[in-house]
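Subject: Structure handover

Hello,

I am passing the structure on to you, with notes on what turned up when I went through it. Please look at it first and then read on.

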Amino acid sequence: MLTINKLLPRGTALAPVLLKRATAVVLDWDTRAKSRFDATDSAGRALGVFLPRGTVVRGGDVLVAEDGSLVRVEAAAQPLLEVRHCADHGSAFDLLRAAYHLGNRHVQLALEPERLLLERDHVLAELLARMHLIVREVEAPFEPEAGAYGDGSRHADHGHAHDHGHAHAHDHGHDHAHRHAEAHDHEHAHGHGHHEDHAGHKHGPGCKH
């Protein structure tokens, strides 16, 4: 196994010719959010990645192996929810409001000018549809926002990105414990009783999309 203990964000300062020669490794978000993991690169080499605690690997980063070889990281496409505002019944402000409410629930969220991306969750899908938003299941790379303190603030190796939320009290003006459980409990008894759009596309009330 080839050991890797160094990361170059976005391949900073590397000549294009070196990047072209680098092998590639395709990783989903759950793996990239950890600082230590095993993987296999495009040359079939077994990799043992041991980065400093708290390191988050992003698509486009370059890993440096102990033998000096380079491995380019590609973000794997994975199941996500795409959220857009409904042109017939709403505005772009609806996306901003949705991002606020999802942030209060500590949901990992990728922000783009015309859409939000988050990991699939049928409870959140129903919530967003009730907010007059269009919710669709997609397959895409996931690069959630790092937050105000950067990637290093994520406690990735604790197995849950927001476990730190239980260490101290939050006053968001709502029942934090209830909200947190609602957003992240995928095993609750009533979860499969929702009317699911099996085409992967939900509309909010009044939307003619």
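This is a predicted model: local features need pLDDT of at least 70, side-chain atom pairs count only at pLDDT 80 or more; totals for chains, interfaces and linings use all residues.

The buried residues of H3 are Asp94, Leu95, Ala98, Leu102 and Asn104. Helix H3 itself takes in residues 93-104. After H3 comes histidine 106, which has a positive phi, near 60°.

**The nonpolar cores**

In soluble globular proteins, nonpolar side chains tend to be buried together. Here the largest nonpolar core is made of 16 residues. Val83, Leu102, Leu116, Leu118, Leu128 and Leu133 have the most contacts inside it. S7, H3, S9, H4 and S10 are the elements that each give two or more residues to this core. Which of them gives the most? That is H4, with four residues.

Leucine 116 shows how this part of the chain is packed together. Setting aside residues up to four places away in sequence, leucine 116 touches Leu81, Glu82 and Val83, then Leu95, Ala98, Ala99 and Leu102, and also Leu109, Ala110 and Leu111. Another core, of 15 residues, lies apart from the largest one, and Leu7, Leu27, Ala65 and Val71 are among its members.

**Valine 71 and strand S6**

Valine 71 belongs to strand S6, which covers residues 70-75. Is valine 71 buried or exposed? Its relative accessibility is 0%, so valine 71 counts as buried.

S6 is joined to strands on record here as S2 and S5. Strand S2 (residues 23-27) runs parallel to S6, and five bridges join the two. In that pairing, alanine 24 has arginine 72 of S6 as its bridge partner. Strand S5 (residues 62-65) runs antiparallel to S6, with three bridges between them. Leucine 63 is the residue opposite valine 71 in S6. The hairpin of S5 and S6 has four residues between its strands, and glycine 68 in this hairpin has a positive phi near 90°.

Threonine 23 is 48 residues away along the chain, yet the C-alpha atoms of threonine 23 and valine 71 are separated by 4.9 Å. Leaving out neighbours within four places in sequence, the contacts of valine 71 include Ile4, Ala22, Thr23, Ala24 and Val25. Asp41, Arg45, Leu47, Asp61, Val62 and Leu63 are also in contact with valine 71.

**Aspartate 41**

Aspartate 41 sits in the loop between strand S3 (36-40) and strand S4 (46-50). With a relative accessible area of 5%, aspartate 41 is buried. Residues up to four places away in sequence aside, aspartate 41 touches Thr23, Ala24, Val25, Leu47 and Val71. The side chains of aspartate 41 and arginine 45 form a salt bridge, 2.7 Å from N to O. Arginine 45 has 25% relative accessibility and therefore counts as partly exposed.

**The other salt bridges**

How many salt bridges does a search of the whole structure find? It finds 10. One of these joins the side chains of arginine 32 and glutamate 143, at 3.1 Å from N to O. This pair links distant parts of the chain, 111 residues apart: arginine 32 is in helix H2 (residues 29-32), and glutamate 143 is in the loop between strand S10 (133-141) and helix H5 (176-184). Arginine 32 counts as buried because its relative accessibility is 0%, whereas glutamate 143, at 24%, counts as partly exposed.

A further salt bridge brings together the side chains of arginine 120 and glutamate 139, at 3.7 Å from N to O. These two are 19 residues apart, with arginine 120 in the loop between strand S9 (115-119) and helix H4 (122-130) and glutamate 139 in strand S10. Arginine 120 is partly exposed, at 32% relative accessibility, and glutamate 139 is exposed, at 53%.

Regards

Notes: Residues are numbered from 1 along each chain as its sequence is written. Side-chain values use heavy atoms; hydrogens and water are left out. A salt bridge is a side-chain nitrogen of Lys or Arg within 4 Å of a carboxyl oxygen of Asp or Glu. Buried means under 20% relative accessible area, exposed over 50%, partly exposed in between (1.4 Å probe, protein chains only). The expected span of a helix is 1.5 Å times one less than its number of residues. Contact means heavy atoms within 4.5 Å. A nonpolar core is a set of buried Ala, Val, Leu, Ile, Met, Phe, Trp, Tyr and Cys residues joined through side-chain atoms within 4.5 Å. Two strands pair if DSSP finds at least two bridges between them.
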